[in-house]
Amino acid sequence: MERIIIHSDLNNFYASVERTLHPELSGKPVAVCGSKEERHGIVLAKCEIAKRYGVKTGDTVWQAERKCPGIVIVPPHFDEYMKYSRKVKAIYARYTDLIESYGIDECWLDLTRSTRVFPPFADMKVTVDGEEYFTDGYLRFLGDTVRTAVRKELGLTVSCGVSFNKVFAKLGSDLKNPDGTSVISKLNYKSVINPLPVEDLLLVGKATKEKLRGMGLTTIGRLATADDDTIKRIFGKFGETLLKYARGEDEDEVKHMDDKREYKSIGNSCTYREDITDLKRIERCIYVLAESVAARLREAGQGAADTVHLWVRYGDLSDFAVQKKVRHTVLCSEIAKHAFALFKANVLPPFKVRSLGVTVSGFDNGISQMTVDESSGNYKKLEAVERCVDEIRKKHGYDKVQRGIIAEEPEEMKNDVKNTHLIKPANFEDRGEE
């Protein structure tokens with residue numbers, strides 16, 4: 001049976017929620033920004049009006065105000081964003097229980113077996129060469145139905161992509177943004193997908209894009225017709241995934257809304273108001289990020305990680321990512337140590353760093369064999385201490401217990417990345433492995 005997958009993307013989510021909470025902001029350019037007084041005074045989200053003035057996520061507040069005179073700056077309210085995210089998913093749940101989140105503002109829905117909840121639609125299917133397919137009009141009707149419900153009940157707009165697999169559905173949600181439905185069906189997918197830039201494909205980041213373009217594979221269509229052996233030789237196992245995605249052969253299922261999420265990686269990143277040029281401050285920022293990552297890793301219950309990733313973006317917006325295999329760990333101290341070592345090995349002074357990201361992957365689900373150091377009790381003692389700190393922070397606040405390196409700078413003591421940076425699952429483009 002042909003699948004019906006919808007990818008929904010809430011448009012300008014943070015800014016849209018703020019406008020819903022404060023109707024007086026309607027018709028005005030709005031940006032959700034961190035505190036001006038702290039280094040995190042950057043644009044986290046902006047409305048369509050601000051976008052038209054060139055305001056971008058990651059701009060400093062003064063840059064946003066210079067680009068868009070009269071822009072209204074509002075602080076983030078993450079509890080409200082989570083609340084609205086749950087409300088949107090409750091609407092989706094009327095149509096299907098196969099709902100898989102992709103961050104706070106995006107979801108996949110599988111409506112394949114849920115079409116019975118929709119009113120009859122004339123000419124729902126068409127026969128081509130003896131095969132039955134859903135018509136593009138019917139698929140668009142399904143996406144529009146979901147979008148209309150969210151807009152009418154919550155005042156939020158959604159872009160929907162409707163397709164027969166998750167990868168193409170996500171591609172579709174970007175084609176009519178904001179507030180539109182795009183259909184990528186088995187009848188039209190080649191004409192829609194093939195001309196798109198190869199970097200539009202899920203998992204194709206900067207490094208992969210540059211490799212593919214260097215091979216002349218500038219569009220998804222060219223990648224789809226590329227020689228299998230060549231792609232697999234250059235990209236390894238990842239190359240098989242790229243070919244499958246480009247050819248519309250993704251068969252990944254949409255998870256049930258109650259399924260426990262299986263993480264492939266856990267990470268956080270920060271963009272800073274000003275370029276960082278001091279190595280000690282880099283180390284401090286990495287520890288702040290590692291605190292978040294380690295806490296989320298312990299909370300996820302998927303055991304320890306054996307790979308640490310570092311992502312760096314410079315002041316000129318060029319970036320790179322690199323990774324390193326390590327012994328399995330859930331400790332902030334070890335994650336930070338490895339991430340900082342990766343920075344020192346790959347970034348020579350003088351440098352101007354605007355953003356940093358730390359991620360871990362390679363989870364053992366609690367079955368890895370203990371090392372001599374662990375069995376001696378040292379690792380387990382440190383893990384117990386960090387888990388104790390997790391509980392203290394839950395009860396009394398993030399800044400009540402801090403490492404010395406972070407406490408050296410009072411502003412960083414308040415930088416609770418784990419609870420204030422809501423991000424999508426990370427996909428890494430790695431420059432190499434040490």
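Reply: Helices and strands are taken here as DSSP runs, numbered from the N terminus: a helix is a run of H or I with at least four residues, and a strand is a run of E with at least two. The model is predicted, so local features need pLDDT of at least 70 and side-chain atom pairs count only at pLDDT 80 or more, while totals for chains, interfaces and linings use all residues. Residues are numbered from 1 along each chain as its sequence is written, and side-chain values use heavy atoms, with hydrogens and water left out.

Now the salt bridges. A salt bridge is counted when a side-chain nitrogen of Lys or Arg lies within 4 Å of a carboxyl oxygen of Asp or Glu. By this rule there are 20 salt bridges. One of them joins the side chains of Glu-153 and Arg-94, with 2.7 Å from N to O. The two residues come from distant parts of the chain: Glu-153 is in helix α5 (residues 136–154), Arg-94 is in the loop between α4 (78–92) and β5 (99–101), and 59 residues separate them.

To say how covered a residue is, three classes are used: buried means under 20% relative accessible area, exposed means over 50%, and partly exposed is in between (1.4 Å probe, protein chains only). Glu-153 has 43% relative accessibility and so counts as partly exposed. Arg-94, at 46%, is also partly exposed.

A second salt bridge is formed by Lys-166 and Asp-252, whose closest N and O atoms are 2.8 Å apart. This pair also links distant parts of the chain, 86 residues apart: Lys-166 sits in helix α6 (residues 166–173), and Asp-252 in the loop between α11 and β11 (265–276). Lys-166 is buried, because its relative accessible area is 4%.

The side chains of Asp-306 and Lys-325 meet in a salt bridge at 3.2 Å, N to O. Asp-306 belongs to strand β12 (residues 305–314) and Lys-325 to strand β13 (residues 319–329), and the pair spans 19 residues of chain. Asp-306 counts as buried, with 14% relative accessibility. Lys-325 is partly exposed, with 44%.

Next, the backbone. Most residues other than glycine have a negative phi, and most peptide bonds are trans. Asn-12 has a positive phi of about 45° although it is not a glycine. It lies in the loop between β1 (5–10) and α1 (13–21) and is buried, at 16% relative accessibility. Leu-203 is another non-glycine residue with a positive phi, of about 85°. Leu-203 is in the loop between α7 (189–193) and α8 (206–214), and with 23% relative accessible area this residue is partly exposed.

The bond from Asn-177 to Pro-178 is cis, with omega near 10°, and Pro-178 is in the loop between α6 and β10 (181–184). The bond from Pro-349 to Pro-350 is cis as well, with omega near 0°. Pro-350 is placed in the loop between α13 (332–346) and β14 (353–363).

Then there is a pair of helices. Two packed helices are described by the angle between their axes and the distance between the axes. Axes are lines fitted to C-alpha atoms, for helices over the stretch in contact, and angles run from 0 to 180 degrees between N-to-C directions. The axes of helix α10 (residues 228–235) and helix α11 (residues 237–246) come within 6 Å and cross at roughly 135°. Angles under 35 degrees count as roughly parallel, over 145 as roughly antiparallel, 65 to 115 as roughly perpendicular, and the rest as oblique. Helices α10 and α11 are therefore oblique to each other.

Last, a loop position: Leu-217 is in the loop between α8 and α9 (220–224). Leu-217 is buried, with a relative accessible area of 10%. The C-alpha atoms of Leu-217 and Pro-197 are separated by 9.1 Å, with the two residues 20 apart along the chain.
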